[in-house]
Amino acid sequence: MIQIFRTEDGVVHQKDERLPGSWIALTNPTATEILEISDAYQIDPDHLRAPLDEEERSRIEVEDNYTLVLVDIPAIEERNGKDWYVTIPLGIVMTSDLLITVCLEETPVLSVFMDGRVRDFHTFMKTRFILQILYKNASLYLQYLRIIDKKSEVIERKLHQSQKNQELIELLELEKSLVYFTTSLRSNEVVLEKLLRNEKIKKYPEDTELLEDVINENKQAIEMANIYSGILSGTMDAFASVISNNLNIVMKFLATITIVMSIPTMVASFYGMNVNSAGMPFADSPYGFVIVLGFAVVLSLIVAWIFSKKDFF
C-alpha cells in the first residue's frame, strides 16, 4: 500500500500526488509498488525490499542521490489469543525531494505522524522528520518495556498458587521479547552513533539536540531491558522451585485424600462380605448398601470440587 502525506499550514494532509516535500509511506508494498517507487526516484529496489525481511540488520546506506536508514522497531504479535512483543525492520529513505518509509505493517511509530499528533512536524523538513521518527521509536520501546514489566508482575502473582507450567511458559515468552528488544536496541544504537557523525542529518540547529535526546532515550531503553531481563531470569528460576514445592504439597494432599476416601470404600465392601451385620449402620435397611455408596460418591464430588477451586486439575 502506498500513502502520500504532506504538511500544509502545519497540518498533515493525505495527498494523491507525489509533490516535492511529501512523505511516501509504503506499508507491506507489493513488488509492483516497489518497482514503481524505485523507477520514479532511482532507488535500488533491494534497498526498498530490505525492510520487508524480518532478519534484516539495522544500518545506514549512503548513495549518490539518497540515504537509507534501517532500524528495528517494536511490534505486537498475537499468538494463541495473547499479545507478545517482537521487533521488525523500518526503512527510511531520504532523497533530495522527499522522504520514503517502508515497513511490513502499520506501526504506532508512523501512525502518530499520519494522524497529526506530533508537534512541530513538517514533511518537507526531512532530516528533522527522520530524527522525530527515531525518537518516537525509542519512546515506544520504553512504553512496551513498562507493559512487559507489568505483565510479568501479574504472572508472578499467579505463580504463587500455581502448579502448572503455563505461567512459566508465559514468563519465558516475555524473556524472549526482552532479548529481541535488547538486540534490536543495541543495533539501533550503532546507527544513531553513525548519524551523530553524519553532518547531512543535522541540517537544522535543533537537530543535534534532538539526536542526542534520541540517543539518550535509546540508552535508557537498553538499560531498562537489561534490568527487566535480569529480574525475569531470576524470577523464573525461583518460581520453578516454588512450583516443584507446590507439587510436593499436592502429592501429600492427594495421599491424605486417598486414605480418607478409602474409609467409605472399605465400609461399603463389608456389606458384600459374610460379616455379622449387627450394629452396622443401615444394616436393616434394604437400601443400606446404596446409601453407603451414595456417601462415597458425595465425598468424591466434594474432593473434586475442592481440587477445582485450588486449581489442582
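Predicted model: local features only at pLDDT ≥ 70, side-chain atom pairs only at ≥ 80, totals over all residues.

Reader: Why is the pair of Phe-113 and Phe-121 called edge-to-face?

Author: A pair of aromatic rings is described by the distance of the centres and the angle of the planes. For Phe-113 and Phe-121 the centres are 5.0 Å apart, and ring centres must lie within 6.5 Å to pair. Their planes stand at 65 degrees; over 60 counts as edge-to-face, so that is the label for this pair.

Reader: What makes the pair of Phe-121 and Phe-129 tilted?

Author: Here the planes are at 55 degrees, with the centres 4.6 Å apart. Planes under 30 degrees apart would be stacked and those over 60 edge-to-face, so the pair of Phe-121 and Phe-129 is tilted.

Reader: How do you know whether Phe-113 and Phe-121 are buried or exposed?

Author: Buried means under 20% relative accessible area. Phe-113 has 1% and Phe-121 has 4%, so Phe-113 is buried and so is Phe-121. Phe-129 is buried too.

Reader: Which residues do ring pairs link into a cluster?

Author: The cluster consists of Phe-5, Trp-23, Phe-113, Phe-121 and Phe-129.

Reader: What makes Lys-151 count as sitting over the ring of Trp-84?

Author: The charged end of Lys-151 is 5.7 Å from the ring centre, and the distance limit is within 6 Å.

Note on methods:
Residues numbered from 1 in each chain as written. Heavy atoms only, no water. Phe/Tyr/Trp six-rings, centres within 6.5 Å; stacked < 30°, edge-to-face > 60°. Buried < 20%, exposed > 50% of the residue type's maximum accessible area, 1.4 Å probe, protein only. Lys NZ or Arg CZ within 6 Å of the ring centre and 35° of its normal.
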